[in-house]
Amino acid sequence: MTHREVLRALSGLLMVLFAAMVSSTVVSVALPQIVGDLGGSQSQYTWVVTATLLASTASTPVWGKLADLFDKKRLLQIAIVIFAAASLACGLVQNTEQLIALRAVQGLGMGALQVLVQVIIGAMVSPKERGRYNGYLGGVMAVSTVGGPLLGGAITDTDWLGWQWCFFLAVPITVIAFAMLTRTLHLDETKNTDTKVDYLGAVLIAAGVSLLLLWVTFVGDDFDWISWQTLAMAGGAVVILVAAALVETRVSQPVVPLHVLKRRDPALATVASLAVGMAMFGGSVFLGQYFQISRGFSPTEAGLLTIPMMFGVLVASAVAGRMVSKSGSVKPYIITGTLVLTAGFAMLATIDHETSLVFMGFGMFAVGVGVGMSMQNLVLVVQNSVPLRELGAASGAITFFRSLGGTIGVSVLGAVLANQVADKIREGLAAIGIDAGTAGQSSSSLDLDAMPEPIAEIVRASYGDATGHLFLISACIAAAGFIAALFLTPVRLRETVDLVEEIVVGEETVLGAK
């Protein structure tokens, strides 16, 4: 495809990617009202989030492998239909049971769209040229991740729209993108005559990851970290995933190409991507809560205050992408990005409930710049090291680990925040002569307006002061990504879509690029 044809197709790809990613964040602010209107319980509230997360993360490597075996454009069209239909149905539900089931279906489409967009871009352009297109990709991911809660807050605060539009919003976007891609996306597909789908590996991976995510979601809340439930769920997940790894090493066409992840650069890029996912998703999720609970801002205002992070990702991903395409070298930008990411979280680790918003803005901007320079370039490292026939599985694997890292990061940091807040509230109440036991549920509630002002002030200060500890943990995780990036091989990105194969003829070596 020519540059103009790529740009036309890229417009549709970016639209479906935005719709998929924003659907997972736009409902976060509206969920209390949604579950309340549908008469749901607290456990159902959790499952509305968990169902999408499980389906999306567990299915990502499967969709990536299917892209290596079947027509990529057709798979993308199927994923768009699944996602759009589920999104429309979510806005029409009558109870939380229906919403949970349809959110799981929506998660299947969401996972497919996230990985298929990256695979198709990889099939259209060479890794060197892919840098500038990945800049657009990173920008869309940033806007949807950070801007989703802002958009959700605006929709929720608008009386004539209603929370249903948090789901309806994705439908017209995906319909327009479907029509655009049908006309503009033209891939030179290679028919695979020896196609074998690793059904056993896919089932084992999905089951193991689902069980692990369920444990991460509920541990520290519904049961203790050291308990029989932890042994059963975490231990069972490990056993299932070990069995999946054994299967993947023995089948001819594995869902997750372990032979690729054993190589130095893909393995290091996966570790760094896991760290970036844990730090970014885990850290940014709690910024909105900090601004609303500790600082007293509305959902819309909290979204506006995260704009420095979104702006940092947009600028850094676009600039770094073009510089990578121009130089053909990616390692310096990943190292710089992970270093800036660590520094940004280190700045935010010093915040409390009275920290200057200007200082926080600089810290969030640094975090955004770090994510923009590193996240998509780590995908590029993996894609550069595999042939075209393994592009989907390799892209699905690194996307899967990034999502898994983000999920684990959110759960672990959430558990840390809950413990820190509980301790600080007890200390604050004791300081004014109130026993935490006699305060009852009032001190653990998030409805600050219903609390006496002295207790509400203690809760605000506790959340604000505890949030800094989360960013300190995020900084340590980001530092692990920086260390992994240091050991990447300083290779130059190839200028061909497929790998150059070395063919030995007699004593001569012939290079043949597909």
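Student: How many helices and strands does the secondary structure come to, and what makes a run count as one?

Tutor: The protein comes to 19 helices and two strands. Both are DSSP runs, numbered from the N terminus: a helix is H or I with at least four residues, a strand is E with at least two. This is a predicted model, where local features need pLDDT of at least 70, side-chain atom pairs count only at pLDDT 80 or more, and totals for chains, interfaces and linings use all residues. Residues are numbered from 1 along each chain as its sequence is written, and side-chain values use heavy atoms, with hydrogens and water left out.

Student: Why is S273 called buried?

Tutor: Buried means under 20% relative accessible area, exposed over 50%, and partly exposed in between, with a 1.4 Å probe and protein chains only. S273 has 1% relative accessibility, so it counts as buried. Its place is in helix α12, residues 264-294.

Student: Which residues does S273 touch, leaving out those up to four places away in sequence?

Tutor: S273 touches L378, I398 and R402 on that basis. A contact means heavy atoms within 4.5 Å.

Student: What share of the protein is buried, and what share of its contacts joins residues 24 or more positions apart?

Tutor: Buried residues make up 54% of the 514 residues. Among contacts with a separation of 6 or more, residues 24 or more positions apart account for 82%.

Student: What makes α1 roughly antiparallel to α5?

Tutor: The axes of helix α1 (residues 3-22) and helix α5 (residues 96-124) cross at roughly 160 degrees and come within 9 Å. Those axes are lines fitted to C-alpha atoms, for helices over the stretch in contact, with angles from 0 to 180 degrees between N-to-C directions. Angles under 35 degrees count as roughly parallel, over 145 as roughly antiparallel, 65 to 115 as roughly perpendicular, and the rest as oblique. That angle therefore makes α1 roughly antiparallel to α5.

Student: Which hand does the crossing of α1 and α5 have, and what does the word mean?

Tutor: The crossing of α1 and α5 is left-handed. The term applies if the near helix is turned anticlockwise from the far one by less than a right angle; clockwise would be right-handed.

Student: Which residues meet there, and how do they divide by class?

Tutor: From α1, the residues include V6, L10, L13 and L17, and among those they meet in α5 are M110, L113, Q114 and V117. By class, this contact of α1 with α5 has 14 nonpolar, one polar and no charged residues. Here Ala, Val, Leu, Ile, Met, Phe, Trp, Tyr, Cys and Pro count as nonpolar, Asp, Glu, Lys and Arg as charged, and the others, Gly among them, as polar.

Student: How do you know that α1 is also roughly antiparallel to α8?

Tutor: α1 and helix α8 (residues 170-184) pack at about 155 degrees, with axes 8 Å apart. That angle is why α1 is called roughly antiparallel to α8. Here too the crossing is left-handed. The α1 side includes E5, R8 and S11, and the α8 side includes I173, T174 and L181. By class, the contact of α1 with α8 has twelve nonpolar, four polar and two charged residues.

Student: And what makes α4 roughly antiparallel to α5?

Tutor: α4 and α5 pack at about 150 degrees, with their axes 8 Å apart. So α4 is roughly antiparallel to α5. Their crossing is left-handed, and the contact has 19 nonpolar, three polar and two charged residues.

Student: How many disulfides does a search find, and what would count as one?

Tutor: The search of the whole structure finds zero. A disulfide is a pair of cysteine sulfur atoms within 2.5 Å.
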